[in-house]
Amino acid sequence: MDLRGKTLFASGFHSPERGTIDILEDVLIEIGADGRIGAIHRPGEPNYRSIRDARDETGELVSLPAGCYLLPGFVDLHVHAPQYPQLGNALDVPLEDWLQTYTFPLEARYQDLAFARRSYGLLVEDLLASGTTTALYFATVHQEATRALVDICLEKGQRALIGKVAMDNVAECPDYYRDASTDAALQGTRALIDYVRGHPDNGEDRVLPVVTPRFIPSCTDATLKGLGAIAAQCGCHVQTHCSESDWAHGYVLSRHGATDTQMLDRFGLLGRRTVLAHANFITVDDMELIFTRQAAIAHCPLSNAYFADAVFPLRAALEKGLQVGLGTDISGGPSASILENCRAAVLVSRMLESGVDPAVTRENRGAAAPAQIDFRDAFHLATAGGGIALDLPIGQFTPGYQFDAIMIDTKASNGTIRLWDELDRGDQILQKIIYTASAANIASTWVGGNHIV
Ligand code: GUN
Ligand code: FE
């Protein structure tokens with residue numbers, strides 16, 4: 001049911017601050033006509049009962065069914081929309097070969113608008129069914145196909161940030177798939193920004209444009225500099241890959257004698273609304289620079305296992321105060337689910353801490369830096385962390401924030417959650433949701449109070 005102008009009686013969880021879960025039990029969430037949360041009332045507050053009765057009388061009260069819990073919708077900070085058809089394929093070669101052999105040929109197909117529409121439609125539906133209410137998308141170099149992705153997100157109601165990919169470096173990009181020139185890369189970027197901002201169905205800015213240099217190797221210096229100027233002029237988000245693999249990191253070092261982070265900064269591409277995908281090989285100085293610029297990182301734990309030859313030092317980044325969220329990196333990661341990436345984030349953090357050398361034990365590990373995170377941190381990254389990274393009011397149930405939410409049905413007969421009423425309490429319920437839920441447990445999705453699925 002559409003929830004604009006309604007008050008929702010529900011229980012659920014959110015994590016505005018990393019490390020803590022705020023348990024919402026039998027709360028009343030007032031949702032405004034604009035889709036934003038107006039107020040949250042908890043049992044025990046003096047006017048709770050009267051508000052509930054009054055809303056019930058006017059027919060504005062909507063109650064979540066028994067066994068259902070409300071979570072903020074997931075934020076996916078890194079998706080290659082055109083790579084959806086190869087999700088779960090081509091995971092066995094290094095990044096530089098994977099791009100040339102599999103990925104560029106696939107992305108080149110989006111020249112065909114009918115193919116683009118079919119693929120993008122299925123992707124957006126799959127992501128919504130997986131609970132992703134906001135996605136930060138790389139599209140392709142193509143103007144028409146990228147516009148189709150904008151149209152599809154608006155039609156289906158997903159909150160999205162979308163960039164036409166810029167890649168014009170003849171040395172690294174094949175002739176059949178690249179921007180024809182620096183001018184084409186820059187004009188194409190501007191054209192997409194204008195299209196998104198002028199779209200007649202985008203009055204609420206549900207879709208935002210993103211300046212999207214693929215990564216430094218695929219762009220000329222002139223394009224990187226021009227894109228930095230466009231980002232400053234238009235106040236857009238920026239997304240790119242940063243120090244993902246040893247090859248990608250080494251390429252930039254040898255071309256520029258500086259790291260990705262340093263170069264992005266010099267090109268004007270490192271700011272409060274920049275999201276850097278991966279960042280596995282960033283140095284201590286890079287971390288400092290990212291912190292100073294208030295840029296964010298999309299941590300893609302599943303993808304990193306296949307393409308990065310490294311594990312992102314997540315806990316160190318969080319303790320330094322960096323803004324981090326999660327990304328599926330479709331199709332570098334073989335899953336479209338942010339829940340799967342929550343699990344992977346916890347798993348790889350534990351392996352990073354324990355290491356792979358059986359001679360290293362808890363007793364003799366000494367002062368090795370702690371690297372573990374837990375399900376609370378992962379849940380935060382998947383929701384509020386992603387919202388903070390994007391500088392958008394999403395990912396938490398706080399007055400003024402968008403009502404972007406999912407309903408988890410723990411009793412769904414084809415679902416994978418087993419709750420024990422006499423055993424499971426408080427945030428243990430959330431823990432089970434994070435570790436065991438499947439798409440079948442995601443029973444409803446709202447974006448800006450609109451019922452989507
Ligand atoms: N680096 C440049 N392009 C890509 C891409 O499509 N996926 C990943 N994982 N890394 C990249
Ligand atoms: Fe990527």
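Which residues surround ligand 1? In this predicted model, where local features need pLDDT of at least 70, side-chain atom pairs count only at pLDDT 80 or more, and totals for chains, interfaces and linings use all residues, the answer is given under the first heading below. Residues are numbered from 1 along each chain as its sequence is written, while chains are lettered from A and ligands numbered from 1 in the order in which they are written.

**Ligand shell**

- Ligand 1 is surrounded by His80, Leu95, Leu99, Thr103, Arg214, Phe215, His241, Glu244, Ser303, Phe307, Asp329 and Gly332, a residue being near a molecule if its C-beta atom, placed from the backbone, lies within 6 Å of it.
- Two or more residues of this shell come from each of α2 (95–108) and α10 (301–307); helices (H or I, at least four residues) and strands (E, at least two) are DSSP runs, numbered from the N terminus.
- Helix α2 makes the greatest contribution to the shell, with three residues.
- By class, the shell comprises four nonpolar, five polar and three charged residues, where Ala, Val, Leu, Ile, Met, Phe, Trp, Tyr, Cys and Pro count as nonpolar, Asp, Glu, Lys and Arg as charged, and the others, Gly among them, as polar.

**Domains and their contact**

- The protein chain is divided into domain 1 (6–72 + 395–451) and domain 2 (74–390), with bounds from an automatic or database domain assignment.
- The domain centres, taken over C-alpha atoms, are separated by 30 Å.
- Contact (C-beta atoms, placed from the backbone, within 7 Å) links 23 residues of domain 1 with 27 residues of domain 2.
- On the domain 1 side, α14 and β16 (442–447) each supply at least two residues, and α14 gives the most, with four.
- That side divides into 11 nonpolar, 10 polar and two charged residues.

**Helix α14**

- Within α14 (residues 427–436), Leu430, Ile433 and Ile434 are buried, that is, 20 or more other C-beta atoms lie within 10 Å of their own.
- These residues lie on the same side of α14 because they cover an arc of only 95° around the axis, the arc being that of the directions from the helix axis to the C-beta atoms.
- The buried residues of α14 pack against β1 (7–14), β5 (68–72), α12 (338–354), α13 (375–390) and β15 (405–409).

**Nonpolar core**

- Tyr137, Leu149, Ile162, Cys342 and Ala345 touch the most other members of the largest nonpolar core, which has 129 residues; such a core is a set of buried Ala, Val, Leu, Ile, Met, Phe, Trp, Tyr and Cys residues joined through C-beta atoms within 7 Å.
- Domain 1 and domain 2 each provide at least three residues of this core.
- Not counting residues up to four places away in sequence, Ala345 touches His299, Pro301, Leu314, Leu326, Ile373, Ala378 and Leu381.

How values were computed
Buried ≥ 20, exposed ≤ 12 C-beta atoms within 10 Å, placed from the backbone. Contact = placed C-beta atoms within 7 Å.
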